[in-house]
Amino acid sequence: MQKKYIKWLLFVLALMSVLLLVVFVSLASGEVKITFKNLPDVLADKNSIEYTVLTKIRFPRIVLAIAVGGALSLSGAILQGIYRNPLVEPYTLGISGGAALGVAIVLVAGIGLQSYFMLPLSGFIGALITLFLVYTLSVRRAGLSMNSMLLIGVMVSFVASSAMMFLMSLSTSETIHNIVFWVMGSLDEPNSILIKIAFWSTMGALFISIFFARPLNALRLGEVKARHLGIDTGTTIKILFVLSSLLTGIAVSVAGVIGFVGLVIPHIIRVIIGNDYRVLLLGSFLGGAIFLVLSDTLARTIIAPNELPIGVITGLAGGLMFIVVLSRSGSKYKMK
Amino acid sequence: MNMGKFFEIKELSCGYPGHFILNNVSLIIERGQFVGIIGPNGSGKTTLFKGISGELPTLTGNLKLNGNYIQKMSLKEKAQNIAVVTQNVEVGNMTVEEYVLMGRIPYQRQFQFFETSEDIAIADKYMALTGISDLRDKNMNELSGGEQQLAGIARALTQQPQLLLLDEPTSHLDITHQVQILNLIRRLSENLGLTVLMIIHDLNLAGEYCDSLIMLQKGNLRKMGTPHDVLNYQDIEAVYDTVVITRTNPVSGKPVVFLVSEKTMKKV
């Protein structure tokens, strides 16, 4: 086996270990202190408060953080690959704008708000409509124009946010508050079915995306050259576009708009291990999961018992990390 | 198998309707030939390449490689038979070895994740043949233009094609590298029996290195033949609209084309 594969394996194992560590730290942190020492006792006593906190609150939240962080980061890595543009991230394509608009409409209209599913569902439908718009406006027309796809995404995003502001200008302050909080993003999701859906669909998407690692590698040379290597670039790009949009839609609809993960994490992984998608996709997923579990743990402990919006943490930590990594790797760093 | 008709283009017209079109081009190339395509800018050289590689839709006519219709091949089969080296080897952030190994993509199964030892052996072989084995761990961005072209050729050879298409492989290079690359291609076509089709602007290099030349004019095939047949002042002046003088290289016996400046023209 080549040295390269051993390096990749070690890298993935290292990320998995870090994820495991972060999960344990997150399980232990919070108002109710649980240490490694008393963990067996806590698990043995199913009626204790600690047991309930651990299994009903912290663990589901961690699972959701893994799913959402992984989904956003993976989606970013894929989109950067198909657009061959390092600054594309899941939200660039207007998915989050569409999702937020969907939620705003439902909140303003006040329909079906007693159901846990209503907001995520409306967010997801908003995301799907945006996806459909961007896709039909750019992909179906005579081949693929990546630049127009990108611009249409950005414009759809602007239109959606303007429409949302219009709705907010008509609403009561309580509704505005709800919309703003939803948009800021939170991993506080009480519904376990939604968490399960988010987790398993993200895992499924990760599994599918890995089969596209080779076409994504070929696309690093550009579409024309990838076709010269026998890759059906049209189909590949369409499938990957839909896949990454669905990943983003799921993440946004359960957790709101959590920025920076899809941009920052794939870049950091690229700097560390290189641009080969065979390791980059899984690496980005794990990196995103680690980052979001950590960010969420900070968000809910820094000003406990209150909670910071997780977007604040990801924006601050992610942005700073990005600046440090980029300035360190200097001019040697290049995407593709 | 008819060796004389290894690669055959029959009445090929291609391009987008309304855009530039290649008109009714027919030609036959034997196995192992090194063929240069010449003609002024806009004469259809690149269009012909795109017609062969399938980037542009064929409007009429057909292309046959070794008895098989190219239009009927899947993208993968095409990539196993035809390799393309473009003018500037556009590269990302990857090592030379990674880049050359990409030539094995057409042979890898859908769900194959790792390169086989055979893939690596083939890439090694062609890196050695093109003289870039020492650069294998270098980043493609760090290479000079000539080295990048060599890497591009190594990647194309790693596809183990029957037909190699080269789009102006020497255009940005100094004479040292021009000659190095053309000598290499010459050797490849002789030693590996590889059929090479190369777009080239420099008529003197075309005459010196190629077995035969295809001259295009405004989307039509003007002439195909040995360098001596094609590189005469009548044809060149008609196609390029430029006054030239042709002589024979005293050492190689190949045709040489001289240009004359306007100032000198006025004197004579």
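How many helices and how many strands does chain A have? Chain A has 14 helices and zero strands. Keep in mind that this is a predicted model.

**Stop 1: chain A as a whole**

Select chain A and hide chain B. Read from the N terminus on, the elements run α-α-α-α-α-α-α-α-α-α-α-α-α-α. The radius of gyration of chain A is 20 Å, close to the 20 Å that the globule rule gives for 336 residues, so chain A is as compact as a globular protein of that length. Turn the chain to look along its principal axes. Its C-alpha atoms fill a box of roughly 65 × 60 × 35 Å.

**Stop 2: α3 and α8 of chain A**

Select residues 49-83 of chain A for helix α3, then residues 192-210 for helix α8. The two helices pack at an angle of about 35°, and their axes are 9 Å apart. The crossing of α3(A) and α8(A) is left-handed.

Now show side chains. On α3(A), the residues that meet α8(A) include A:Pro60, A:Val63, A:Leu64 and A:Ala67. Further residues of α3(A) in this contact include A:Gly70, A:Leu74 and A:Ile78. From α8(A), pick out A:Ile195, A:Phe199 and A:Leu206, among others. Which classes of residue make up this contact? The contact of α3(A) with α8(A) has twelve nonpolar, four polar and no charged residues.

**Stop 3: α4 and α7 of chain A**

Move to residues 95-109, helix α4, and residues 173-184, helix α7, of chain A. Their axes come within 10 Å and cross at roughly 155°. An angle over 145 degrees counts as roughly antiparallel, and α4(A) and α7(A) are therefore roughly antiparallel to each other. α4(A) passes α7(A) in a right-handed crossing.

Select the contact itself. α4(A) brings A:Ala100, A:Val103, A:Ala104, A:Leu107 and A:Val108. α7(A) brings A:Thr175, A:Asn178, A:Ile179, A:Trp182 and A:Val183. By class, these residues divide into eight nonpolar, two polar and no charged.

**Stop 4: where the chains meet**

Bring chain B back. Here 21 residues of chain A are in contact with 20 residues of chain B. Select α9 (213-219) and α10 (223-228) of chain A: each supplies at least two residues of the side of chain A that touches chain B. That side of chain A divides into eight nonpolar, five polar and eight charged residues.

**Stop 5: chain B as a whole**

Now hide chain A. Chain B has ten helices and twelve strands. The radius of gyration of chain B is 19 Å, close to the 18 Å that the globule rule gives for 268 residues, so chain B is as compact as a globular protein of that length. Its C-alpha atoms fill a box of roughly 65 × 40 × 35 Å along the principal axes.

**Stop 6: the six-stranded sheet of chain B**

What is the order of the strands in the open sheet of six? The order is β6-β7-β8-β3-β9-β10 of chain B, with mixed pairing. Find the edge strands, β6 (82-85) and β10 (220-225), each of which pairs on one side only. The twist averages 20° from one strand to the next.

Start at β6(B). It pairs with β7(B), residues 163-167, in the parallel sense over four bridges. The bridge partner of B:Ile82 in β7(B) is B:Leu163. Helix α5 (145-158) of chain B packs on the sheet and touches β6 and β7. The direction of α5(B) makes about 170° with that of β6(B).

Next, select helix α6 (175-191) of chain B. It lies across β3 (34-38), β7 and β8 (195-199), running at about 135° to β3(B).

Go on to β3(B) and β9(B), residues 212-217, a parallel pair with four bridges. B:Val35 has B:Ser212 as its bridge partner. Five bridges then join β9(B) to β10(B), and these two run antiparallel. B:Leu213 stands opposite B:Gly225. β9(B) and β10(B) form a hairpin with two residues between them. In the turn, click B:Lys218, which has a positive phi of about 45°.

**Stop 7: the four-stranded sheet of chain B**

Last, find the open sheet with the order β2-β1-β4-β5 of chain B and antiparallel pairing. Its edge strands are β2 (22-29) and β5 (68-69). Six bridges join β1(B), residues 7-14, to β4(B), residues 58-65. Opposite B:Lys10 stands B:Asn62. Finish on helix α1 (45-53) of chain B, which packs on this sheet and touches β1, β2 and β4. The direction of α1(B) makes about 70° with that of β2(B).

Conventions:
Residues numbered from 1 in each chain as written. Chains lettered and ligands numbered in written order. Predicted model: local features only at pLDDT ≥ 70, side-chain atom pairs only at ≥ 80, totals over all residues. Pairing = 2+ DSSP bridges. Axes fitted to C-alpha atoms, helices over the stretch in contact; angles between N-to-C directions. Contact = placed C-beta atoms within 7 Å. Nonpolar A, V, L, I, M, F, W, Y, C, P; charged D, E, K, R; others polar. Parallel < 35°, antiparallel > 145°, perpendicular 65-115°, else oblique. Left-handed = near helix turned anticlockwise from the far one by under 90°. Rg over C-alpha atoms; globule rule 2.2 N^0.38 Å.
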